[in-house]
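Notebook open, structure loaded. I want to look at the ligand site to begin with, then at the aromatic rings.

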Amino acid sequence: MTDCLFCKIRDGDIPCDTVFENDDVFAFNDVNPQAPVHVLIIPKKHISTVNDLEDVDEAIMGKLFSAGKNIASQKGLSVDGYRLVVNCNEKAGQTVFHIHMHLLGGRNMTWPPG
Ligand code: AMP
Ligand code: ZN
């Protein structure tokens, strides 16, 4: 995908504050953090939204959760808790159409979300 912000970040064409990377997953700090810890975890494969997931993508979404769990642990959030969020399309607040998981932690979260 040539005109995708997160593909450009993945490729190093736009700078970011990298948190974690492996063959399938890339994670970096959100530029506009909504909590003391706010990390975005993306698959290296371009997938636009949850609606676009195919059966073959089930494993990659599991890897996003594994990365989220491990990053939360490294940040000392495991016991107190944290939130993993995926927004799908405009009414949910999705603004970047490369699927991503938000890892939010370090403060009390409210429910329901806004
Ligand atoms: P969403 O609204 O769920 O699509 O989340 C997109 C997130 O990307 C927002 O939290 C933005 O703050 C974040 N974001 C946008 N541009 C950048 C960037 N260049 N580097 C890091 N995070 C970004
Ligand atoms: Zn992309």
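This is a predicted model: local features need pLDDT of at least 70, side-chain atom pairs count only at pLDDT 80 or more; totals for chains, interfaces and linings use all residues.

I looked up which elements build the shell around ligand 1: α1 (5-10) and β2 (25-29) each put in at least two residues. Of the elements, α1 gives the most, with three residues.

I get 16 residues surrounding ligand 1, and the closest are D30, N87, G93, T95 and H102. By class, I find seven nonpolar, eight polar and one charged in that shell.

Then I went for the polar contacts. Which part of G93 lies 2.7 Å from an oxygen atom of ligand 1? I checked, and it is a backbone N or O atom. For N87, I have a polar side-chain atom 2.9 Å from a ligand 1 oxygen. H100 also brings a polar side-chain atom, with 2.9 Å to an oxygen atom of ligand 1. On cover, I see that ligand 1 has 510 Å² of accessible area on its own, and the protein covers 82% of that.

I also ran the pocket search. The largest pocket turns out to be the space that ligand 1 takes.

Last entry, aromatics. I searched the whole structure and got two aromatic pairs. One I wrote down is F6 with F28: ring centres 5.3 Å apart, planes at 80°, so I log the pair as edge-to-face. The cut-off I needed here is that planes over 60 degrees apart count as edge-to-face. Where do F6 and F28 sit? I find F6 in helix α1 and F28 in strand β2, 22 residues apart, so the pair links distant parts of the chain.

Note on methods:
Residues are numbered from 1 along each chain as its sequence is written. Chains are lettered from A and ligands numbered from 1 in the order in which they are written. Side-chain values use heavy atoms; hydrogens and water are left out. A residue is near a molecule or strand if one of its heavy atoms lies within 4 Å of it. A polar contact is a pair of N or O atoms within 3.5 Å; within protein, one must be able to donate a hydrogen and the other to accept it, and residues adjacent in sequence count only if both atoms are side-chain atoms. Accessible areas come from the Shrake-Rupley method with a 1.4 Å probe; for residues, only the protein chains shown count as cover. On a 1 Å grid over the protein atoms alone, a cavity is a set of points where a 1.4 Å probe fits but cannot get out, and a pocket is an open set with protein on both sides within 12 Å along at least five of seven lines; lining residues have an atom within 4 Å of a point. A molecule sits in a cavity or pocket if more than half of its atoms lie within 2 Å of its grid points. Helices (H or I, at least four residues) and strands (E, at least two) are DSSP runs, numbered from the N terminus. Ala, Val, Leu, Ile, Met, Phe, Trp, Tyr, Cys and Pro count as nonpolar, Asp, Glu, Lys and Arg as charged, and the others, Gly among them, as polar. Rings of Phe, Tyr and Trp (its six-membered ring) pair if their centres lie within 6.5 Å; planes under 30 degrees apart count as stacked, over 60 as edge-to-face and the rest as tilted.
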